[in-house]
Structure formats: structure tokens, C-alpha cells
Amino acid sequence: MKYLDEFRDPSIAKALIGRIRSSASRLSRSVKIMEICGSHTVSIFRSGIKSVLPPNVTMISGPGCPVCVTAMEDMDRMISLACGEERDSHIIATFGDMIRVPGTVTSLEREMASGADVRVTTSPLDSLLWAEENPEKEIVFLGVGFETTSPTVAAVVKRAKTAGLANFSVYPAFKLLPPALEALLDGGDVAIDGFLCPGHVSIMLGAAAYRPFSSKYQKPCVVAGFEPLDILLGISMILDQLLNDKHEVGNAYSRAVSEDGNQNAMSLLLEVFQPCDAPWRGLGVIPSSGLGFNDAFMAFDAVERFGLAAVPTGSDPPECACGEVLRGVTSPPECPLFGLGCTPDMPIGSCMVSSEGSCAAWFKYSGGG
Amino acid sequence: MNLKTDRVLLAHGAGGKMSQALTERIFLKYFDDPALLMLNDYAVFEVPGGRIAMSTDTYTIDPIFFPGGDIGSLAVHGTVNDVAMSGAIPIAISTGFILEEGLLLEDLEIIAGSMSAAAGTAGVRIVTADTKVVPRGSADRIFINTTGIGIIPAGCVIGGQEAKPGDVILLSGTIGDHGIAVASSREGIRFSTVVSSDSASLNSMVSALVRALGDQVHVLRDPTRGGLATVLNEISVQSNVGIRINEEAIPVREGVKGACELLGYDPLYLANEGKLVAIVAPEAADNALRVIRSDPLGGEAAIIGEVVRDHPRTVVMNTPLGGHRLVDRLSGEMLPRIC
């Protein structure tokens with residue numbers, strides 16, 4: 001297919017795989033590369049890249065799946081909007097896999113089966129339409145995602161303000177990528193040689209956003225798209241840097257990612273939201289890694305509107321290794337629950353819920369059962 | 001699954017692992033007839049003078065009209081195909097309607113007309129019908145049940161348990177057309193290439209295959225809910241064999257590929273309503289391909305893989321990069337990607 005098949009060309013792939021094998025043999029040591037984004041994880045499994053890499057190059061999934069990193073307390077508060085006495089007066093709008101993430105006692109999917117009005121959408125704009133169609137109800141959009149999706153939600157909030165929609169709000173559980181990477185490496189027990197940086201987040205952030213990071217931690221960072229050739233090129237560029245003892249920012253996705261990113265989208269984002277401390281599943285609270293509403297848009301904050309900060313919440317199940325998996329310290333099959341208590345059909349940890357979660361991808365494409 | 005506390009979820013109806021668990025934990029506990037326990041989409045049983053195949057299915061779809069068809073033609077095609085996958089010649093179907101108060105009579109008439117036309121094309125009679133109307137909110141506009149029967153030619157032994165190592169796997173055409181046609185209609189997503197459902201009756205193709213190949217046809221299956229991945233997994237378990245397929249050989253329309261990229265879907269798991277998987281003896285593979293391609297619905301047929309002794313009860317796919325990966329059953333419902 002035009003613009004896609006070109007990036008899946010088997011002959012170019014074989015040449016890149018040859019280059020990777022050659023570099024890996026010259027490195028003569030084990031190399032761990034973290035693909036930060038869940039879309040990379042899925043593409044690596046789906047295209048069979050994992051099965052063609054040399055044995056001394058290991059890909060590790062990072063904390064870049066928005067569903068996986070949503071904290072239990074955020075899930076419990078979001079779910080509280082869909083159940084209880086106010087259930088009939090709320091419409092909950094959310095993206096894909098969020099409905100299946102378990103909270104402490106239930107999930108949005110289970111509340112749907114009990115009668116809650118939870119709607120999966122591909123566009124936050126739909127929730128404005130529902131707000132207009134249902135003036136007697138409160139429409140709450142569950143805002144998850146990284147820099148890729150949050151600017152779109154910011155645009156929707158602006159539009160809601162312009163339209164004077166009083167029955168629309170957003171639960172802000174967004175995450176920012178750079179602070180999470182810093183927290184990851186500051187953690188100490190993480191042994192990663194290089195980072196494959198996500199294409200779509202980088203379209204917004206720009207490749208320059210990783211420069212302070214690569215220089216401070218002396219790790220190669222290469223931005224890559226999601227097609228098999230993009231990923232193979234990214235891996236090859238990281239190995240080249242390691243061979244030459246370099247730690248720079250490379251761009252294997254220059255057809256989409258510029259040096260400075262999408263400044264308009266980032267300005268819009270910061271007009272509506274501002275960085276705030278945020279809880280990450282398994283990683284704890286990371287300073288300035290989330291987004292809260294700016295004062296001018298506080299009326300659209302579902303946490304304030306519904307007093308959700310006071311909702312009691314639970315904690316992650318003690319056996320669940322999602323935190324270690326997200327930090328790349330533990331591989332999914334090493335989790336004691338993997339494939340036993342925790343499967344994609346009956347997930348315990350969030351990494352097993354999302355189709356882009358590292359545990360779910362391992363289970364689906366490597367045979368977890 | 002906790003039967004005391006859990007409720008039915010939408011994912012229980014998606015055709016994947018949860019559907020299987022529901023069937024095993026509840027229905028098979030009480031419905032243990034040997035014909036049903038074969039777990040094909042049809043039952044085969046002896047009657048004086050030969051064998052007949054019987055199948056039933058209930059159709060609920062949103063939207064009820066979609067590019068390439070509607071719920072009425074779908075209800076006929078689906079049951080005709082389920083009967084035909086036993087190798088039988090479908091002869092008659094029954095139909096039952098559950099109508100929601102408020103459904104437009106004009107829509108009902110279009111659907112009935114569509115069913116009549118689909119039955120005429122397939123050469124089956126609609127011989128008995130039933131109608132119930134439920135209060136507004138108790139159903140989603142219209143649900144249709146169809147049950148079909150067909151006569152199995154003498155000597156024809158086809159079933160999910162008949163795949164043998166060395167057999168060749170054929171697919172009658174592109175996958176995912178129905179799933180994307182319905183999803184894009186439902187979500188209001190427009191693509192530059194309009195994808196139409198492949199909804200169609202396959203009984204002519206099956207008859208031609210059975211006539212030409214006889215007992216060299218081992219398995220026929222239409223990959224509906226759960227898609228190609230799910231039916232290949234089902235067959236690998238039923239026959240206790242491994243299945244190996246080649247990604248490059250599986251035909252997928254450009255429009256379907258593009259929509260899958262956008263939505264984060266995998267075409268292997270998308271529903272089809274006018275395609276079949278045929279598993280045949282290796283010496284019959286070329287002839288089977290020629291027969292399927294000569295049918296008006298099989299022009300894009302392809303050989304996509306083989307049955308192997310290795311990795312029994314598992315489906316593995318070779319990727320264009322020279323790698324391979326597991327193809328599992330669908331888990332839960334397919335949901336659009338977040339980012």
C-alpha cells in the first residue's frame with residue numbers, strides 16, 4: 001500500500017537486519033534497548049522483529065502505554081463516576097482499552113454490563129456532541145494519553161468553553177514522557193543501553209526534547225516510526241552509536257518528526273493545562289509528569305466538579321509486577337501472575353489490559369498461556 | 001469466570017476466548033449432544049436415506065444497513081454458509097424476528113425483501129417464520145434468528161477435526177472487508193476507498209469444491225466473528241495439529257489495510273461474511289485453488305499456509321521480514337487504539 005508497503009519492504013528489511021547483526025557481533029556484549037512506546041512493542045512483535053534480532057540484542061518495553069501507566073487511584077476515581085447513585089446522570093466517554101482496566105473492585109466494562117452509560121470513542125469531539133444532545137446529563141471524558149493525544153483534548157476543552165457547555169468535563173490523567181524517562185533512569189536499578197523514542201509523541205515534542213536527556217544520562221536516543229523498517233533502522237542507529245561510544249539524539253523518522261516539533265499543538269496544550277505531579281502505575285508520583293487544568297479552564301476539571309479527590313481508592317495487587325515491567329527491570333513472563341492469574345481476558349495488572357501493553361503483547365504474540 | 005458474581009460482557013459475544021469460555025462453562029454443561037460437542041458451526045446427523053446438516057445463528061448488528069448489505073441478507077448468508085461448511089447443499093431456512101417497538105416498517109420491508117433476494121440467489125427456501133415485538137429499549141431495532149438445513153452428499157466427510165499434517169490451507173479471498181465496512185459505518189469514519197461488506201452465500205463454491213475434489217476436502221470454515229485467526233486456532237485444536245501461515249500470502253484490500261492502521265485493528269481478527277477457509281489434501285491444492293478462483297466470489301483466492309506436525313494446537317505466522325510470530329485467538333473485543 002502506498003506510503004506503508006514501502007516501509008515493510010522485505011529486501012530492505014533483510015539488509016537492515018544484516019547491519020544490525022554485524023554491529024551486534026562487533027559489540028560483543030549484551031545490549032538492552034527500551035522501546036518506550038506500546039505501539040512500538042506491538043509492531044516489534046507483530047512483524048516478527050523479536051525473532052530476527054541477534055541474541056545479544058534485547059528489546060524491553062517501557063512506560064509508554066497510556067493505559068498501562070494509569071494509576072489505580074485514577075482508575076478508581078474514574079470508575080466512581082460510572083457507578084453509584086449518580087450513575088444515571090452521567091455519560092462516561094473514553095478511549096479504547098480504558099474500559100477493561102480493573103480498579104480495586106470493578107472496571108468500566110463491568111459497570112457497563114450493570115447499566116452504566118460508558119461510551120468508547122475514537123475522538124474526544126464525540127463527547128461534545130453527546131453533551132449537546134443530553135443537556136440533562138453530565139458528560140465526562142476520561143483524559144488519558146501522552147503528548148500525542150492531550151493537545152486534541154485541549155482543543156476540545158477550548159471548544160466546549162467557547163460553546164458554553166456547562167455539562168462537559170474532563171478527568172485529567174494525562175502523562176508527559178520526558179519526566180517519566182528521567183524518573184526511570186534516576187531509579188538506579190534500570191540497565192538500559194539506549195532508547196527507541198516514540199514517533200507520534202516526538203511529532204509533538206520534536207527530536208530536540210531528548211537532547212538534555214541523552215546528554216545527562218549518556219544514552220543514545222533514536223526517534224523511530226512504527227513501521228518495521230523504521231524500527232529496524234532505529235535499532236541499527238542505536239547500535240552504531242554504542243559501537244562508536246556516542247550518546248546522541250538520532251532521528252529515524254525525519255519524514256514526520258522535526259527538530260522542534262509541533263509548537264502550535266504544544267502551545268494549545270499549555271494554554272489549557274499545566275504540568276503537575278502525577279501518579280504512575282508502579283512508578284509512584286513523578287514530579288511534573290502529568291497535566292492539570294489551568295485556572296482559566298478549571299470549570300472543566302471533573303476532579304473538582306465531582307469532588308473526586310475524596311473518593312477512597314485501593315492499591316495495586318501486591319503480586320503484580322507491572323511497576324517492574326514498566327521500568328524494564330522485569331520481563332512480563334517473569335511476573336508470578338503472568339499467564340496464570342493474569343491474562344488478557346482476566347487482567348489483574350494494567351500491562352495485561354491494553355493491546356499495547358507489554359504483558360498483553362508478550363502473551364498474544366509469544367504464547368503466554 | 002465467577003458464575004455467581006460476574007455478568008455477561010460484550011466481549012463474551014466477540015467470538016474469541018471469552019466466547020469460548022462462556023460456551024464451555026455454561027452451555028456445554030447442559031447441551032451435551034454428540035453432534036453439538038463436535039463444536040463445528042453446524043450439526044450433522046443421520047436420517048433415513050442419508051445425512052443432513054443443521055445450523056442456527058442470531059444476527060444483531062449496528063448499523064442494520066451497511067455498505068454491501070443489511071441485517072436481512074446477512075442473516076441468510078450467514079446461515080447458508082454455516083450449513084454449507086459441512087459440505088451440505090442448503091435447502092431451506094427458518095427465520096425468527098425480534099422487533100423493537102418503533103422500528104420503521106419501511107426498514108422492515110427492505111430487510112424482508114433483502115432476505116428474499118439473498119435466499120433466491122442462494123437457492124434456498126424460507127419455509128417458516130416467527131415474529132415477536134418487544135417494548136422500546138428492550139432490543140436494538142431488530143434481531144433476526146435463522147436456522148438452516150442442508151443435505152450432505154454421500155461420501156462427504158468434512159469437519160474441523162479432519163485437518164492432517166501436510167494439508168494445504170486456502171483462503172477464498174480478501175479478509176476484513178465486512179469488519180471494516182461495519183466499523184466505519186458505525187463510527188462514521190470515511191476513507192478515500194469505500195470498503196463494502198463481502199456478505200454473500202458460498203454454497204455454490206462449496207458444491208463445486210466437493211464435486212471436484214471429493215474426500216480430498218478435509219475442512220471448510222467461514223471466518224466470521226473472531227476472523228481468520230480464531231478459526232485457524234479452532235481448527236488446530238479440533239484436529240490437534242499445528243498451523244503455519246504466510247503473512248504475505250493473505251489477501252487484504254488496500255482500504256482495509258489503511259483502516260486497520262488508523263484504528264489499530266489486526267485484519268486477522270476482523271469478521272468476514274463471504275469468505276471460506278478450505279483445508280485440502282496436498283495433491284489437491286492446485287485443483288482446489290483453480291475451482292475456488294473460477295467461482296465469482298473466489299477470484300482473489302490464495303494458498304496461505306499448511307498444516308504441520310510441529311507446535312500442535314498452535315497457529316504460527318511467517319512474517320515478510322523472515323521472522324515469525326504466534327497468532328492467538330482474539331482476547332476480549334477489538335477496541336480502537338488510543339494513540
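A bit of housekeeping comes before that. This is a predicted model, where local features need pLDDT of at least 70 and side-chain atom pairs count only at pLDDT 80 or more, while totals for chains, interfaces and linings use all residues. Residues are numbered from 1 along each chain as its sequence is written, chains are lettered from A and ligands numbered from 1 in the order in which they are written, and side-chain values use heavy atoms, with hydrogens and water left out.

Let's begin with chain B. It has nine helices and 14 strands; here helices (H or I, at least four residues) and strands (E, at least two) are DSSP runs, numbered from the N terminus. Chain B has a radius of gyration of 19 Å, close to the 20 Å from the globule rule for 339 residues, so it is as compact as a globular protein of that length. That radius is taken over C-alpha atoms, and the rule is 2.2 Å times the number of residues to the power 0.38. The C-alpha trace of chain B spans about 60 × 55 × 45 Å along its principal axes. Of the 339 residues in chain B, 55% are buried (buried means under 20% relative accessible area, exposed over 50%, partly exposed in between, with a 1.4 Å probe and protein chains only).

Now for the surface of chain B. B:M1, B:L3, B:I26, B:F27, B:Y30, B:F31, B:L36 and B:L37 make up a nonpolar patch there, with about 730 Å² of accessible area together. Two elements give two or more residues to the patch, α1 (17-30) and α2 (34-37) of chain B; α1(B) gives the most, with three residues. Patches are built from residues with over 30% relative accessible area and no salt bridge, joining like charges within 9 Å and nonpolar side chains (Val, Leu, Ile, Met, Phe, Trp, Tyr) within 5 Å. The areas come from the Shrake-Rupley method with a 1.4 Å probe, and for residues only the protein chains shown count as cover. One member, B:F31, sits in the loop between α1 and α2 of chain B and counts as partly exposed at 45% relative accessibility.

On to the rings. How many aromatic pairs does a search of the whole structure find? Over all chains there are 11, where rings of Phe, Tyr and Trp (its six-membered ring) pair if their centres lie within 6.5 Å, and planes under 30 degrees apart count as stacked, over 60 as edge-to-face and the rest as tilted. A:F146 and A:W280 make a tilted pair, 6.0 Å centre to centre with 55° between the planes. A:F146 lies in the loop between β5 (138-145) and α7 (150-163) of chain A and A:W280 in strand β10 (residues 273-280), so the pair ties together parts that are 134 residues apart in sequence. Both A:F146 and A:W280 are buried. A:F195 and A:F213 pair edge-to-face, at 5.4 Å centre to centre and 65° between the planes. A:F195 is buried with a relative accessible area of 0%, and A:F213 is buried at 5%.

Rings can also meet charges. A:K175 lies over the face of A:W280, 5.9 Å from the ring centre, and A:R119 lies over the face of A:W130 at 5.1 Å. The test is NZ of Lys or CZ of Arg within 6 Å of the ring centre and within 35 degrees of the ring normal.

The structure holds 25 of them over all chains, each a side-chain nitrogen of Lys or Arg within 4 Å of a carboxyl oxygen of Asp or Glu. A:R110 pairs with B:D6, the closest N and O atoms being 3.3 Å apart. This pair crosses between chains, from helix α5 (residues 108-113) of chain A to the segment before α1 of chain B. A:R110 is partly exposed at 27% relative accessibility, and B:D6 is partly exposed at 28%.

Within chain A, A:D230 bridges to A:R255, with 2.8 Å between the closest N and O atoms. A:D230 is buried, with a relative accessible area of 4%, whereas A:R255 is partly exposed at 45%.
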